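Reader: Could you take me through part of this model, one question at a time?

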Amino acid sequence: MKLLRAPLQIEDIMELSMGDEVLVQGSIYAARDAAHKNMVQSLENGEGLPFDIEGQIIYYVGPCPAPPGKIIGSAGPTTSGRMDTYAHLLIAKGLKAMIGKGPRDQNVIEAMKKYGAVYLATVGGAGAYLARCIKDVETIAYPELGPESLLKMEVQDFPCVVAIDARGNDIYRLEKGAEVADD
Amino acid sequence: MRQIDVKQITQTVKEAVMQANISLPPDIIQALQEASDKESSPSARRFLKIILENTELAVQENMALCQDTGMVVVDVELGQEVIIQGGYLNEAINLGIREGYQQGFFRKSVVNDPFQRINTGDNTPAIVHCNLAEGDKLRITVLPKGAGSENMGQLSMLKPAQGINGVKDFILKVVRDAGGNPCPPIIAGVGVGGNMEKAALLAKRALLRPVNIRNSRNDLARLEEEMLKAVNELGIGPQGMGGNTTALAVNIEVYPTHIASLPVAVNLGCHSTRRVSVEI
Ligand code: SF4
């Protein structure tokens, strides 16, 4: 089991191979559709992002509201494919890892190869389990988006598998009989 | 005639959605346990263990199993001898959902219109299917359905000449196209026959049947078993990461159809197929 902690360097990324089991530790940023749209719009308008994205990890999630006494509600991954149109720009700006569920399109994979980034899959539907791995939550932008606002989280032993590595090996294509590039 | 007050319906729906979102049906937990014992891929076993642990934690912590607490499908069987008093059935159901989602701290995932897309803020309206039945009982079944699995369903109007093989191929195509998106291990609800909307409704109703109960018709029960095996041989595995547990069950429902038709619909349920059925 490998441990991952942001900020990630290119060497950390190149050490990861498709199928590796990892535990993410420390800070990650949580964003889904609407927060991505806002971030990409800011970049296109020549403005900065609400946080320094270099070496960081984004988790695709829109949690349930926090019940009394808890810091967050159920918080499993959402379908990553919906973020595909936004991902390459963020990867180009220094994003090093994405956490979600389900396959990514070829443009995202090309950007991951070009700039060095990995895609981690976690367990869809395990919202209560994953919420327990989240130790702290802070809204850092777009509070008006409710469950879609941009959050910073502190996580501990957050379970993932490397679904697509920085060489473009893709666990979702494997079952369809693709070759593995091990360079 | 038996009178049922809408307040009782609201209370029932509220309790049902709260229970459904937190406590997975025992038949699914058992099937997940059996799958985890049989799974040959270590990564897949790790994910199945987490899914099982999640079902325990959700109950312990009184927290939603999955953050996508869905749009609620409500299946109502209304006994003909029942008179609903004090208001309207659909309003009573929606009120129950509003209260249940508020009190349960569940995510509100419904937008007002497919184009305007403004969150309604209380997870209503529900999708209500109402059928008349014999007797003086009212049965309400709730199914909070997440979009990850719902979006992966498909329907096809096959030609009768394509027959049972056409249906088998279509089921496999839908599961293959869906891959890891519907959070496998899945339950495949299949509706065959009727017309376009009937097939879709049958497929949804098939998801309401426990995974350990086969169709009461022998030939269909065998077809379900054959298709479960074929689906699991696709190798998609838990979360689409490979393994031999792609589905927990293939549930098939049929209905008479037109001489010129062979409609087939496949509605996928994720491992968090949360259903609760209550009789009033
Ligand atoms: S498909 Fe089911 S388990 Fe997966 S995220 Fe959606 S509701 Fe949750």
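**Strands and helices of chain A**

Author: Ile57(A) stands opposite Ala97(A) in E4(A). The model is predicted, so that local features need pLDDT of at least 70 and side-chain atom pairs pLDDT 80 or more, while totals for chains, interfaces and linings use all residues. Residues are numbered from 1 along each chain as its sequence is written, chains are lettered from A and ligands numbered from 1 in written order, and side-chain values use heavy atoms, without hydrogens and water.

Reader: In which sense do strand E3 (residues 57–59) of chain A and E4(A) pair?

Author: Strands are DSSP runs (E, at least two residues; helices are H or I, at least four), numbered from the N terminus, and two of them pair if DSSP finds at least two bridges between them. E3(A) and E4(A) have 3 bridges, and their sense is parallel.

Reader: Which residue of E5(A) stands opposite Ala97(A)?

Author: E4(A) also pairs with strand E5 (residues 118–121) of chain A, in the parallel sense over 4 bridges. In that pairing, the residue opposite Ala97(A) is Val118(A).

Reader: How are helix H3 (residues 84–92) of chain A and helix H4 (residues 106–115) of chain A oriented where they pack?

Author: Their axes, lines fitted to C-alpha atoms over the stretch in contact, with angles from 0 to 180 degrees between N-to-C directions, lie 9 Å apart at an angle of about 10°. Angles under 35 degrees count as roughly parallel, over 145 as roughly antiparallel, 65 to 115 as roughly perpendicular and the rest as oblique. Therefore H3(A) and H4(A) are roughly parallel.
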